[in-house]
Amino acid sequence: MTSKRSISNPLALAVLALLAERPMHPYEMASTMRERGKHHSIKLNYGSLYTVVDALERHRLIVPVETVREGRRPERTIYALTDAGRAKLDGWLRDLLRRPIKEYPQFEAGLSLMAVLPPEAVVELLRERVERLEQAIAEERATMDDAAAQGLPQVFLIEADYALMLKEAELRWVRDLVRAIETEELTGLDLWRQFHARPDMIQDGGEREEEPVNE
């Protein structure tokens, strides 16, 4: 019986897209993704890849068409896209491109809870983030410039360009946040500091003495 659970892993989308080009075995899929730099946008590891391939086969979106062996290497199963898989790929990709969805970045989670730390500690941590962003942006910009100089068309760098734009926007925003805290322009700073001035707050990494638990 085919599972009714929906497939939503971006790695599954990448597999469908690769098989839209030609039949491949999983090792070739992974190699092709890495050669094209897709692993920077889509989380890739072999364990997850084989799990995704199995799920796509169970949903009859791909089918095994051949088993090959090269030298002493283990047998490899080559998969092809089904008509249902092509329809799934088309609809899924169209939906991703046209419809914004709520995502849950880890940095956003950290920002939502940053008041747990004192303002001065947050400023120090954000300054470190600024340095890391600056370094990442410089490296990614150099990589893109090098790829462009080698004649790689812009269409094949579009996701890298998007990721770079997000980092640059984040860098500007984080710098502004640091400045707002340091210049006292961020509203609510008094309440934030009062919270950390409470006598029952643990200061300087100290630990409270554990109280016995009554059973």
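Author: Let me begin with Val-116, which is found in the loop between α5 (106–112) and α6 (119–149); please bear in mind that this is a predicted model.

Reader: What makes Val-116 count as buried or exposed?

Author: Its relative accessible area is 57%, and since the word exposed applies over 50%, Val-116 is called exposed. Val-116 also belongs to a nonpolar patch on the surface, formed with Leu-113, Leu-117 and Leu-125, and together these residues have about 390 Å² of accessible area.

Reader: Why is the pair of Tyr-27 and Tyr-46 called stacked?

Author: The ring centres of Tyr-27 and Tyr-46 lie 6.2 Å apart, with 10° between the planes; because rings pair within 6.5 Å and planes under 30 degrees apart count as stacked, the aromatic pair is stacked. This pair links distant parts of the chain, as Tyr-27 sits in helix α2 and Tyr-46 in helix α3, 19 residues apart.

Reader: How do you know whether Tyr-27 and Tyr-46 are buried, exposed or in between?

Author: Tyr-27 has 37% relative accessibility and Tyr-46 has a relative accessible area of 35%; since buried means under 20% and exposed over 50%, Tyr-27 counts as partly exposed, and so does Tyr-46.

Reader: And which residues of the largest nonpolar core touch the most other members?

Author: Among the 26 residues of that core, they are Leu-16, Leu-19, Met-29, Leu-49, Leu-56 and Ile-62, while the largest share of the core, eight residues, comes from α1.

Technical notes. Residues are numbered from 1 along each chain as its sequence is written. This is a predicted model: local features need pLDDT of at least 70, side-chain atom pairs count only at pLDDT 80 or more; totals for chains, interfaces and linings use all residues. Side-chain values use heavy atoms; hydrogens and water are left out. A nonpolar core is a set of buried Ala, Val, Leu, Ile, Met, Phe, Trp, Tyr and Cys residues joined through side-chain atoms within 4.5 Å. Buried means under 20% relative accessible area, exposed over 50%, partly exposed in between (1.4 Å probe, protein chains only). Helices (H or I, at least four residues) and strands (E, at least two) are DSSP runs, numbered from the N terminus. Patches are made of residues with over 30% relative accessible area and no salt bridge: like charges are joined within 9 Å, nonpolar side chains (Val, Leu, Ile, Met, Phe, Trp, Tyr) within 5 Å. Accessible areas come from the Shrake-Rupley method with a 1.4 Å probe; for residues, only the protein chains shown count as cover. A salt bridge is a side-chain nitrogen of Lys or Arg within 4 Å of a carboxyl oxygen of Asp or Glu. Rings of Phe, Tyr and Trp (its six-membered ring) pair if their centres lie within 6.5 Å; planes under 30 degrees apart count as stacked, over 60 as edge-to-face and the rest as tilted.
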